[in-house]
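Hello,

Here is the structure you will be working with. Please open it first and keep it beside you while you read the notes below.

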Amino acid sequence: MTNKIIKWIDYRFPLSSLIKHELTGYPVPRNLSYWWNFGFLALFVLILQVATGLFLAMHYKPDAAIAFDSIQHIMREVNYGWLLRYMHSTGASAFFLVIYIHMARTLYYGSYRAPRELMWWTGQGLLLLLMATAFMGYLLPWGQMSFWGATVITNLFRATPFIGDEVVVWLRGDYAVGDDTLTRFFALHYLFPFLIIGAVVVHLVALHTVKSSNPSGIDLADKDNIPFHPYYTSKDFFGMGIFLIAYFIVVFFFPHSVLEPANNIPANPMITPDHIVPEWYFLPFYAILRSVPNAVGGVVAMGLSVIIFAFMPFLDRSRIPGGGRYRPVYRIMFFIFMLDILLLGYIGYVPATDQTITIGQVATLYYFLSFLLLPFISKAEDMWLFRRGLPSNILALIASEEEEKRIRR
Amino acid sequence: MTEADDLENKGRRSFLLKATSVVGGTGAAAACYPFVASMNPSAELLAKANTEVDLSGIPEKGMHTVAWQGKPVFVLHRSEDQIKAMAASEGGLFPEQDKDRVKQPEWLVVIGVCTHMGCVPNKEGPGWTCHCHGSQYDDSGRVLRGPAPGNLEVPPYRFISANRIKIGEV
Amino acid sequence: MNKFIASVMLYCTVFTVSASEVKLEKFQVDTSVLAVERGVDTFMEVCHGCHSLKYVFYRDLAALGISRDRIAEWRGDSTLEAAMTSLISDETAILSFGAVPPDLSMMVAARVGGNSYLYAYLTGYYLTSDGEISNHVFPLTKMPDALDISSASDSARRSELQGKAHDIVSFLSWAADPHKAERERMGYYVIGYLILLSVLLYNVKLEVWSRLKT
């Protein structure tokens, strides 16, 4: 019976062939490590956030006078409201953790290189959409941190040349963050995840065009690909099981670890909390913002620190594939860069003192130098590795890639 | 590997897949429960599930309308002749004994929502008239004529004292 | 790889740094029904005059298991469905204390150190050398010494008042997070299930991948 229905659909819609071509039979390199699970995990967390967000929206009131009360109502009165809320707040942090690991994997293995530049850039776009969504979502509980975080960040737009003040008022809908800001942020926070879903589709279309990279950095022969189902479906589901354990340990036992105490106090425009901090996933960028003493300069630096990742395909001038795997200098740079980001995160969290500001400035400088010096360092490393001697198959691969580039030009 | 091993492997594999599907499927189904449950009335609405009515202020032949679970409830204080009239008849389209619809004959408690399309009928002379489509009810809430498919619903209620009823509990 | 993990762990330990100046002893809160009941009793006696709990309803206490009679004693004229509002108006409070006593529904969650902070605060009142009453934890507080612990001279009296503070904080801890017990109970079941499921999923993965010819 089901076969007949499927045949009826297949005549009118490429259902079976789509499923076979893009899902079950889709060729994937056989040597992917567990670092390749995080794309699927990101999609799963997206679905989780949309589902919990939808059900929360059935009870939440986007009005400044009663928003905080509606969160209390959800936490105390709505059946399993506390569970929905904690899943959503933990899910936001989980989303960023998964995405940052996903990005780290891409950077380490050089998966952003040709022909995967568009994957990297659609990924960048996704990151920006996610950051906007998270920022707007954080205002919704209308706690002290929500209010003041939104005030500080919307203030940054004052850096816009000539029309700075007007832009800030336009964004807020009022002279200060208020009810108008809250209502529009709610509308946008509800919308953006669906834009993210659209962008994920584009991201996956790009993926299916160039196929997955793999830990060796060299595209494998066709015979070394295996079908997505059952190999990577089973591996992804197992990875999801492990993820869910960690996720639900936080949801059920440590939900407050991602919630600032100050946000349990209703927003008060007259009193600023001692210590305004964004959520952990924004801390490194916040530190970069505060490192530059000039207001406009700080905003520019912060914006650049996110956008600069997009230039990676052009900044990395090495011909050797595989990223950190076969390039010792790049590998060291990668790990120190990771440590630098952690340091920046710490600086973003602690109150600003002369000491922390100086450390922050050094860390910011190193952050940008890592990108700006990469063209020179990668070229130098390239020449060193060639002089040291490379395996013949790598040389052959590089030679054939150069030949191809020459022909295409 | 021998054929016996291979068959055993197939058996083991299919058992493993079945077991995992069952465990996973159960979990996925159970995970839906909090979402669905969150849509049910929350704690403070369940607290408002009962309404208490003080009957002492309602004169004979008088009617009081109270809110119960968001709906109007008619509390009618019936006189002797009203009770006699209702006891004498079995109603109109859906015959029912008046004594089956009351706990104490002088107090009629019915949900003031027309069983046809949900409009609130008006008290007019004996009984009620629904002005939406013309259904007519008697002083026992029984439908006499019109498109209404049933008599006015009697909610669960009980007397908690001589002059107080609690609607929502039996 | 290991470097990465080590640095992540280092990063995480940083967040356990407490922001308060005073050394807070670890406070063991007791959220059993009896402790909460004692806590409400003490709260109504010591705090309710000025502080409200606008997100906690008297019926929540009934749902927890406290008897309706006891609740009736506490709620006075308020109905069972009402919130635990204080007896003092905002205007009177400002006249008497210079500030409106904050609502306590979320106070345990709103302070870094939570239970430990509140307990230290309540028991932190002392007599300065000038004979004034001050508080170790929050010197600028406008709240008077409600437990009168600053005048407790002997250790027996002091212990008794510490016990009262303990009960109040236990109640406030429940009030800030009434679903905590249910949440943790459910958590054990969910994690247990997920561990079982992950073991099964791992075996499925191994089984599937064993079919791959090298």
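In this predicted model, chain C is assigned two domains: domain 1 covers 18-122 + 168-176, and domain 2 covers 179-214. The C-alpha centres of domain 1 and domain 2 of chain C are 40 Å apart.

In soluble globular proteins, nonpolar side chains tend to be buried together. Here the largest nonpolar core holds 102 residues, and A:Val98, C:Leu118 and C:Leu172 have the most contacts inside it. Helix H5 of chain A (residues 81-109) gives the largest share of this core, twelve residues. Apart from this core lies another one of 20 residues, including B:Cys114, B:Tyr137, B:Tyr157 and B:Ile167.

What does C:Leu118 touch, leaving aside its neighbours within four places in sequence? The residues in contact with C:Leu118 are C:Met107, C:Val108, C:Arg111, C:Val169 and C:Leu172.

Chains A and B also meet: nine residues of chain B are in contact with ten residues of chain A. On the chain B side, helix H1 (3-38) and helix H2 (43-47) each supply at least two residues, and H1(B) has the largest share, with four. By class, that side of chain B has five nonpolar, three polar and one charged residues.

Last, a pair of helices in chain A. Helix H14 (residues 328-349) packs against helix H16 (residues 374-388) at an angle of about 145°, and their axes are 9 Å apart. A:Val329, A:Tyr330 and A:Met333 of H14(A) make the contact with A:Ile377, A:Ser378 and A:Glu381 of H16(A). Four of these residues are nonpolar, one is polar and one is charged.

Regards

Methods
Residues are numbered from 1 along each chain as its sequence is written. Chains are lettered from A and ligands numbered from 1 in the order in which they are written. This is a predicted model: local features need pLDDT of at least 70, side-chain atom pairs count only at pLDDT 80 or more; totals for chains, interfaces and linings use all residues. Axes are lines fitted to C-alpha atoms, for helices over the stretch in contact, and angles run from 0 to 180 degrees between N-to-C directions. Two residues are in contact if their C-beta atoms, placed from the backbone, lie within 7 Å. Ala, Val, Leu, Ile, Met, Phe, Trp, Tyr, Cys and Pro count as nonpolar, Asp, Glu, Lys and Arg as charged, and the others, Gly among them, as polar. Domain bounds come from an automatic or database domain assignment. A nonpolar core is a set of buried Ala, Val, Leu, Ile, Met, Phe, Trp, Tyr and Cys residues joined through C-beta atoms within 7 Å. A residue is buried if 20 or more other C-beta atoms lie within 10 Å of its own, exposed if 12 or fewer, and partly exposed in between; C-beta atoms are placed from the backbone.
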